[in-house]
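I begin with strand pairing and then turn to domains, chain contacts and helix packing.

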Amino acid sequence: MIKYTLRRLIQAIPTFFGITILSYGLMLAAPGGPVRALTFDPKVTPQERERLAARLGVNDSLPIQYLRWLLGDDWMRWDSDGDGIADRSFLLSLDADGDGEPEPPGTRRGILRGDFGRSFYQKRPVIDIIVERIPATLELGFASLLVALAVGVPIGIVAAVKRGSVFDNFTRVMAVVFNAVPVFWLGIVLILIFGSTLRLLPMGSRCSALAIGGCPPVFERLEYLLLPTLVLATGGIAGYSRYMRASMLDVINQDYIRTAKSKGLSARQVWFRHGARNALIPLATFLGPAITGLLGGAAITETVFSWPGLGRLAVGAVVQQDYPVVMAVVIMTAVATILGFILSDILYALIDPRIRFS
Amino acid sequence: MLNTRRKLLVVAAGLLMVAALVALPVIAQDAPPGPGEGGIIIEGNFGGDPATMNYILYGDTSSGAIIRFIIPGLIGVNPDTADYEKNRADALVTDWTVSEDGKTYTLKLRDDWTWSDGTPITSADSLYTWNAIKSGVVDVGVIGYLVDVIDTVEAPDPTTLVVTFKEADCTAIGNAASLAPVPSHILPADFAELNDADYNMNPTVSGGVFKFAEFRAGEQVSLVANQSYGGAPGAVIPTGYIYKNVPDQNVLVAQFKAGELNVIDNPAVGARADLVANPELNMYSYPGNAWDYLALNYADPTNPQSAYDADGNPIDQGHHPLFGDLRVREAVAKAIDVDAIIQGAVFGEGVRMPAYTIPASWAFNKDLPVIAQDVEAAKALLDEAGFVDHDNNPNTPRVCQGCLYAEEGAPLRFTLYTNEGNARRTAVGTIIQDELKQVGFEVDFQTIDFNTLLDIMDAQTFDAFILGWRQGYPDDPDLTQIFASQSDVVGTGSNNVSYNNPKFDELNLKARTLPGCDPAERAKIYYEIQELMQKDLPYVPLYAINGMYGARKEVQGFDPRPSNWTWNIETWYIKAATP
């Protein structure tokens, strides 16, 4: 298994670089740019825009920008005699803006050396911004995943067992409905009902605005988690229930179920001990990417519920063309997805004896 | 008899005592609480986290909303006149003088204002701001342009700041005011380290009405009263202020109505009627400083050129096939019913603009009438311009027959852009498309991604677009960056319609550099500019959107002015609900 895992990880390296090149190229090919987005002000002069573009390095060619992001720029323009002024350069010119003065030495180290850069918009290290958002993202993501599984899986099993019944038909229709309902609409409706009209639940945020020293532990503020979790879980409940039903129906026709029945086992034992356990195996392929995919956040739900997660951050960064933040989220999500699929394959092989590592 | 009177007196005295006991808590409740005991002001923030709390670096609205409370104002602004004023209690500068050549401003600062750690605030703190801007290694925000207008800044003693400008300019005092002090004693001496200073997101030292307490990423920024605030030492009533992220406009309004927020700034226009009718809220509407316009390209969009080359020589920019002809632009202006647009797209929350100065501005020309809709006149202008209705079919556009710049037979057709996701501008565009069709235009109206629109604008490859600007307070009617020919730079200039009129350049420069900067004299020049630009029509002026501030009724002391709704926030308090 170790050999298999290592091989998969090595195979993932070119995939990772492919993703970074594609993402970076797409991002830079997108219209607009951070300079205009940062200086949409009638007072700003053309000269100030040019200075800002030079500072951000966004006028450099795509390969240079990509290399700077990947490997940093402390080797592209540096200070060899320690006087604080750049005197050597490679790939970049010493005096990029042509004002007769050398540009400051490069200070970036690139993502391969653990430097995700500085946000154009938030003007601080990207890694700090990302780390701040991860707890809230995971909190909402795991809560919704748990609810989706806890509700969706049993519904799927019961619907399969009672195939063609009122319950089966009802849950099938509801699955379609919940898949079709826009998240933002459902979120706002729930906020207006439970927050604004009945005033039973808060209308957003992760905890009270008056909480001092950050949010208290999650079990002390479940009321804040309830609505966003429900909204985010609706799609999962619908999906998992349909998937589980199909998987269960597939299992029901297997020989071992007939054997179990003919042995005189109770229906409960047949369905749950032999049927459901085997029907859950394909679900493992979902779980790996689903868990790691949580890192991507849920932009719409987070926006409606003022939830301070990564999804909202990523959408904002795309709108603002904040390249370093966009790329950090892309990389994190890409790595998590790659690892999720590897984990999924390993899990599948571990729990299904018919699959072998090869 | 005496006993009866005595009994009555006793009863009366008893009643008075009871009344006094009942009344006391009411009086106590109505009296302002002590410093720092006034409760917490909670404002909804639609715009996301503040990018920084360092004045030198900030460029976004959210950061500005926090920084206004933790950095002391350098030069005070009278909230009633929205003009700079000497010796205001809420600002450091007590007086200033201007040199004879109008280039050097000498500011005198108070000597009794300290940062919250007790360190005196001096001119050296403003000098630090300037040195950081011109260092070239700092990610400067909105004040980065100052290096283009300021020559030198000196701090000869702790209470004197001398600012010398490159040119005499009537906007100088506003630019000098932008050199706000920062707590230089805790900031790095090496400016290269300022970009990553801990202070940027943890400003432990304050000179404003509040002190920083906590930043919760994606959620809120919390501030607490700063009793060392020089504008009201020991007398800041509110306990604190929270700037809470609520990224959805509908939820923001719902939270305000439910009391999760107690103040609001500029709610969506569609929600305003409901808020105004709510008896639990105090809403304040005012002529706003944001305005929308329809921009028409003068120059050839297929071959965009800057107005001047590197040596300052004019470049031939060609003509837009339609809007290169003034008569076509006039026809557009006359075909549009802006009143209908205000009702249909802005819910009546707008004021018509005759030209490019907001109605709330001191430079607004009240005698200049708005452009009235006149469909027949618009048609006549198009006939005169050589765009004729060749087939008498109202569903087909007019075509060029002897027009100035379009090819013979070319239809009267253009593309109109605005940014997607903005329901107001989408509605404006739809109405304009429909109204222009009535006079023979065919408008391809497209809502596109904002960044794509900015790209097209900067590249100057558009026909027309709808967008808006927001003026600052105090209002500066200077239009140099939007309409002066020197700002017509492909890629970076804001004069992207390539408006190039020497008369405008001359008047604009004159208004900006008038010796003595007498507002009345400057206003006259701006009146003339407005008349000129209403004729030239680089933009078809539409409307200024009304601004609106609001507070829940329990917020006491809320007394907004258009230019500044928190000018007296140090006196605000939350009145406890009467049991």
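I looked up Tyr417(B) and found that it stands opposite Phe465(B) in S18(B). The strands involved are strand S16 (residues 413–419) of chain B and S18(B), which pair in the parallel sense over 2 bridges; strands here are DSSP runs of E with at least two residues, helices are runs of H or I with at least four, and both are numbered from the N terminus. Two strands count as paired if DSSP finds at least two bridges between them. This is a predicted model, in which local features need pLDDT of at least 70 and side-chain atom pairs count only at pLDDT 80 or more, while totals for chains, interfaces and linings use all residues. Residues are numbered from 1 along each chain as its sequence is written, and chains are lettered from A and ligands numbered from 1 in the order in which they are written.

S18(B), residues 464–470, also pairs with strand S12 (residues 281–296) of chain B, here in the antiparallel sense over 7 bridges. Within that pairing I noted Leu294(B), whose bridge partner in S18(B) is Ile466(B).

Next I looked up an open sheet of chain B, in which 4 strands follow the order S4-S5-S7-S6 with antiparallel pairing. Its edge strands, each pairing on one side only, are strand S4 (93–98) and strand S6 (150–157) of chain B. Neighbouring strands are turned by 20 degrees against each other on average, direction ignored; axes are lines fitted to C-alpha atoms, for helices over the stretch in contact, and angles run from 0 to 180 degrees between N-to-C directions. S4(B) is joined by 5 bridges to strand S5 (residues 104–109) of chain B, and the two run antiparallel. Thr97(B) has Thr106(B) in S5(B) as its bridge partner. Across S5, S6 and strand S7 (160–165) of chain B lies helix H3 (residues 123–135) of chain B, running at about 155 degrees to S6(B).

I then noted the domains, whose bounds come from an automatic or database domain assignment. Chain B is divided into domain 1 (12–262 + 554–574) and domain 2 (288–468 + 539–546), and their centres, taken over C-alpha atoms, are separated by 40 Å. Chain A is divided into domain 1 (35–113) and domain 2 (126–351), with C-alpha centres 43 Å apart.

How many residues of chain A are in contact with chain B? I found 49 residues of chain A in contact with 50 residues of chain B, contact being C-beta atoms, placed from the backbone, within 7 Å. The largest share of the chain A side, 8 residues, comes from H3(A).

My last entry concerns helix packing in chain A. The axes of helix H6 (residues 166–180) of chain A and helix H8 (residues 222–252) of chain A come within 8 Å and cross at roughly 140 degrees. H6(A) and H8(A) are therefore oblique to each other, since angles under 35 degrees count as roughly parallel, over 145 as roughly antiparallel, 65 to 115 as roughly perpendicular and the rest as oblique. Among the residues of H6(A) that meet H8(A) are Thr171(A) and Phe178(A). I also looked up H5(A) and H8(A), which pack at an angle of about 35 degrees with their axes 5 Å apart.

Notes:
Contact = placed C-beta atoms within 7 Å.
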